[in-house]
Each structure stands twice: as structure tokens, then as C-alpha cells.
Amino acid sequence: MGDGRGPKLAVLELSPAERDTLQGWASRGKTAQALATRARIVLACADGLSNSEVSRQLRVSLPTVGKWRKRFLEDRLEGLNDEARPGAPRKLSDAQVERVITKTLEEQPANRDSHWSTRSMASATGMSQTAISRIWRAFGLQPHLVDTWKLSTDPLFIDKVRDVVGLYLDPPDKAMVLAVDEKSQMQALDRTAPMLPMMPGAPERKTHDYVRYGTTSLFAALDIATGKVIGQHQRRHRHQEFLRFLKTIDANTPAELDLHLICDNYATHKTPAIKKWLASHPRFHLHFTPTSGSWLNLVERWFAELTNRKLRRSSHRSIKALEDDVNAWIAAWNEDPKPFVWTKTADEILASLARYCTRINKTINDSGH
């Protein structure tokens, strides 16, 4: 329907699943209000209202209505998010953890304290302080800091877990799934005295002090299926360096395959320049891990191998020597790559956290504390 001015608007229709998801987003009480407003705009447009009618009804500007109508028509639900597409709807099996998160973000303690403590949240939910602390750490919530009372660090935490784990367990056809991240601030170090070799009855020995020769950052993309790694050293890690690495990935992967990249929420992954490049390279699809969810990115497991098997005992007298040594190690790894196999489903991960919290709660209660 048009609004009497400008070209006729494209018809906006919703599937039942899209309507259910949008209604869930629109009903958020306090947190994720930017997402809730966008959902209300789309729902109103789907009811046949013109942009000007939606603007008046929801008391938002006409350009805002036009922007989110257009974004939804182009990218559907994904278009309303600033980061990754949401996954499957939340399930009741997540209710215990969800209750703590929602109360933390949307309610205040009954005793009128300015913020929740583990003690007050434990009293309100019937769980132990240890369980509350565990959930807050897992979700990156810190009620004692003012920063928490900005928009939720990640209102789609559970959805993103499902999205990323779904890629690991059931990757798309005719596509590669790449776990991507930067190992920043790798230091070129040289010990102040030669390392003493291992001898019978004595381990390899090294001095505790060393000389620093500078740092470099390693951008890496781990192919989930094969375990092979695309690596590139950068002296900095701004969006320019990330864009350069995207181009390296593009040049070193089969052109006929879609590429699903799992990345963290680092700001350099979402700049206008990056979004513009991605728009012109539609085979790239970025999926973001939740805030405080780096454990979901399998390339971190590979970084641990690099650290334990190469970096921890190496000495280098220049950044170039360090980079050459790491490049040689990556080449050797790729001759006999070992993929890291993800085994737990998203439901198992979330249920495991809920079970752990319940078990801790029962233990504390049984002990009489």
C-alpha cells in the first residue's frame, strides 16, 4: 500500500514463523528496545499500514519506518539485527537460565537496591549464589558495573549459540564453514641466555627474563571440515586488516562455494567498509558468536595448539623471524591437518549449564548454607 506520496510500496507479507518471532521481539519489556521497535514497525507494515500511518501510530520518524521496511524486504529477519541472524526460538528447557537473565536485565530487587547482587538474585529465584554467579559469567553480565544497564550485552545469546553450533553440526551444502579470528599481540621474544637442553633427570631449562622485539597479529581461518588453516600476518588489527584478510580468504577458497565465517563481536568486523565489501561478495555470510562466547569459535582451539606446540618455547630476534616461523608451522600443519570435531548440540550446551546450576543449588541447600 502507498501513503499517497512517492512510489507505491512493495507488499510486505509474513510467514507464520516470522510473525511469531517478530511478536516475541516486540514484546520485550525493557531490554533490546531497538530490536523491539523494528519488530513493531514490520508488524504494522505487514498489517497493511502505510509508512506515514506507521510513523504516526508508533511515534517514530518516517525515514526510520522506510529504512526498516526496506531492510526487512531485502534480508527478512536478519535485516533487523545489527549482527548475526537469529536462530531457532527459545525453548522451555532454557527457562531456568532465561529467568535469571531476564530478571537481571529487566527487573530491580524487591529491597529497592540499585542493582542485583548474587545474594538478592539467589533469594529471588531460589537458586544458590554460586549458580547465579556462574550464569552471570557465562552471559557476560556484571550488575555491579554501570555498563550493564546499557542495552543488553547480547539479547540473542541463546539464538546465536544455536546458529553457530548448527553450522558445526549440520553445515550447509556447497559451502565451507570457516572459524575466523585474530591472535593479536604475538610477541617476538628472545631469552637473555641460551636455552639449556633436556638431559636425563632434568627438563629443558630457560631463563625467566627475555628481550622483546615487537608484536604481530595473526589472522586465521580454520576450515571446519578439513582442519586446514588460512593464515595472514598483520602488524595491526583494524577493519582495513580484516578486509585484507577477507580478500585473502576469497582468493584461497573455491569460487563456487558459499563461505560461512564464524567471527566474534569485535567492532572492526562490522564497519561500513566491511559491510559494503560483503554486499558485493554475496558468497560470504558472517555469523557472530555471542558476547563472552569466544569458546564457541573453534579457531581458538587451533590457536591453543599453535601456542603450546610452537610459540611457548620459541625465541625470535625480530618480528619477521616470528612471522616466518609461524608461517612454516602453518604449512606443516596443513600437510597433515586435524579437524576439531564439535560434538555437543546447542540444546545439550544450554541444558548442561542449567543442570550444573541446579546441582550447585541443591548442594548448597543440602549443606545448610
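This is a predicted model: local features need pLDDT of at least 70, side-chain atom pairs count only at pLDDT 80 or more; totals for chains, interfaces and linings use all residues.
Spanning residues 319-335, helix 12 holds 17 residues and reaches 25 Å from its first C-alpha to its last, close to the 24 Å expected at 1.5 Å a residue. Along helix 12, I319, L322, E323, V326, W329, I330 and W333 are buried. These residues cover an arc of only 125° around the axis, which puts them on the same side of helix 12. K320 and E335, by contrast, are exposed on the other side of helix 12.

In soluble globular proteins, nonpolar side chains tend to be buried together. The largest nonpolar core has 31 residues, of which L218, L222, L298, W302 and V326 touch the most other members. At least two residues of this core come from each of helix 8 (157-169), strand 1 (175-191), strand 2 (210-223), helix 11 (299-311) and helix 12. Helix 8 gives the largest share, seven residues. Apart from this core lies another, of 21 residues, with M176, I230, F242 and F245 among them.

The contacts of L218 bring several of these elements into one picture. Leaving aside residues up to four places away in sequence, L218 touches residues including D181, M186, W302, F303, L306, V326 and I330.

Aromatic side chains complete the description. Seven aromatic pairs are found in the whole structure. W333 and F340 form a stacked pair, 6.1 Å centre to centre with 25° between the planes. W333 is buried, with a relative accessible area of 5%, and F340 is buried too, at 16%. W302, F303, W329, W333 and F340 form one aromatic cluster.

Definitions and conventions. Residues are numbered from 1 along each chain as its sequence is written. Side-chain values use heavy atoms; hydrogens and water are left out. Helices (H or I, at least four residues) and strands (E, at least two) are DSSP runs, numbered from the N terminus. The expected span of a helix is 1.5 Å times one less than its number of residues. Buried means under 20% relative accessible area, exposed over 50%, partly exposed in between (1.4 Å probe, protein chains only). The arc is that of the directions from the helix axis to the C-beta atoms. A nonpolar core is a set of buried Ala, Val, Leu, Ile, Met, Phe, Trp, Tyr and Cys residues joined through side-chain atoms within 4.5 Å. Contact means heavy atoms within 4.5 Å. Rings of Phe, Tyr and Trp (its six-membered ring) pair if their centres lie within 6.5 Å; planes under 30 degrees apart count as stacked, over 60 as edge-to-face and the rest as tilted.
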